[in-house]
Amino acid sequence: MTQTPPQTPDNTQTLTLIVGVAAAILAYFLPAVVFKGTGNAVHDLSLVEKLPMMSAIAAAALAAALATRFMPQFQKWAEQATIAAILLVLLPAVWGFVSALDAWSGMRAMILEIAGTRTVRIDPGVAYVPLLISAVLLAVSLRGRKPVETDATAAA
């Protein structure tokens, strides 16, 4: 069984990762669910407002993915950290929208209280566009990494 040499990112992958992280952070502060209240009032909730603990975990995963690119001792975990970041960034978005729709969730009760009505129509917000762009950019940042030049690979 041969072991592949560790790989380092080039500037394009690093820039792609940084833009993906920035898009994820932007998405977490944009409206994720939009609903109408009494009269013509329109309300929205961001992912940070809906799920602060899950948002903090996603931010930690994004920081870990960035750390693997800038700290050489963590580069061997770049793929795992980036994949975990993708999953942990998308999980709160899906969880938050489903719990906003679920009649038995505490979030639905909070939305009804904010709206001031007994029924409310919930629509997805604009946060999902940069969130999907972020997931794609994070995935693209893993492609095409160059092998690290070590003494063993240089001798071969």
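A residue counts as buried when its relative accessible area is under 20%. A27 has a relative accessible area of 0%, so A27 is buried. The model described here is predicted. The protein chain has 156 residues, and buried residues make up 36% of them. Seven helices and five strands are found in the chain.

**Overall layout**

- Among contacts with a separation of 6 or more, 68% join residues 24 or more positions apart.
- The chain exposes about 9300 Å².

**The nonpolar cores**

- In soluble globular proteins, nonpolar side chains tend to be buried together.
- The largest nonpolar core of this model holds 20 residues. Y28, L47, L62, V89, L131 and L138 are the members that touch the most other members.
- At least two residues of this core come from each of helix 1 (11–29), helix 3, helix 4 and helix 6 (128–140).
- Helix 1 gives the most to this core, namely five residues.
- Another core, of ten residues, lies apart from the largest one. V33, L45, M107 and I122 are among its residues.
- Y28 touches S46, L47, V48, S55, A58, L88, V89, P92 and L131, when residues up to four places away in sequence are not counted.

**Residues that meet across the sequence**

- A27 lies in helix 1. Leaving aside neighbours within four places in sequence, A27 is in contact with L47, A127, P130 and L131.
- A27 and V48 are 21 residues apart along the chain, and their C-alpha atoms are separated by 9.5 Å.
- P31 is in strand 2, which covers residues 31–36. P31 and V126 are 95 residues apart in sequence, but 6.0 Å apart in space, C-alpha to C-alpha.
- V126 is also one of the contacts of P31, together with D44, L45, S46, G125 and A127, once neighbours within four places in sequence are left aside.
- G96 is located in helix 4. Its relative accessibility is 0%, and G96 therefore counts as buried.
- Leaving aside neighbours within four places in sequence, G96 is in contact with K50, L51 and M107. G96 and K50 are 46 residues apart along the chain, with 6.7 Å between their C-alpha atoms.

- T68 belongs to helix 3. T68 counts as buried because its relative accessibility is 4%.
- The side chain of T68 reaches the backbone oxygen of A65 at 2.6 Å.
- T68 also touches F74, Q75, W77, A78 and A81, not counting residues up to four places away in sequence.
- S105 sits in the loop between helix 4 (78–101) and helix 5 (106–115). With a relative accessible area of 15%, S105 is buried as well.
- From the side chain of S105 to the backbone nitrogen of R108 the distance is 3.2 Å.

**On the surface**

- I18, F70, M71, F74 and W77 form a nonpolar patch on the surface. Together these residues have about 470 Å² of accessible area.
- F70, one of the patch residues, is in helix 3 (residues 52–70).
- Two other patch residues, F74 and W77, are among the residues that T68 touches.

**The salt bridge**

- The count of salt bridges comes to one.
- R121 forms a salt bridge with D123, and the closest N and O atoms of the pair are 3.1 Å apart.
- R121 is exposed, because its relative accessible area is 64%, whereas D123 is partly exposed, with a relative accessible area of 29%.

Methods: Residues numbered from 1 in each chain as written. Predicted model: local features only at pLDDT ≥ 70, side-chain atom pairs only at ≥ 80, totals over all residues. Heavy atoms only, no water. Helix = DSSP H or I, 4+ residues; strand = E, 2+ residues; numbered from the N terminus. Buried < 20%, exposed > 50% of the residue type's maximum accessible area, 1.4 Å probe, protein only. Polar contact = N/O pair within 3.5 Å; in protein donor to acceptor, adjacent residues only side chain to side chain. Patch = residues over 30% accessible without salt bridge, like charges linked within 9 Å, V, L, I, M, F, W, Y side chains within 5 Å. Areas by Shrake-Rupley, 256 points an atom, 1.4 Å probe, with all protein chains shown as cover. Salt bridge = Lys/Arg side-chain N within 4 Å of Asp/Glu carboxyl O. Core = buried A, V, L, I, M, F, W, Y, C linked by side-chain atoms within 4.5 Å. Contact = heavy atoms within 4.5 Å.
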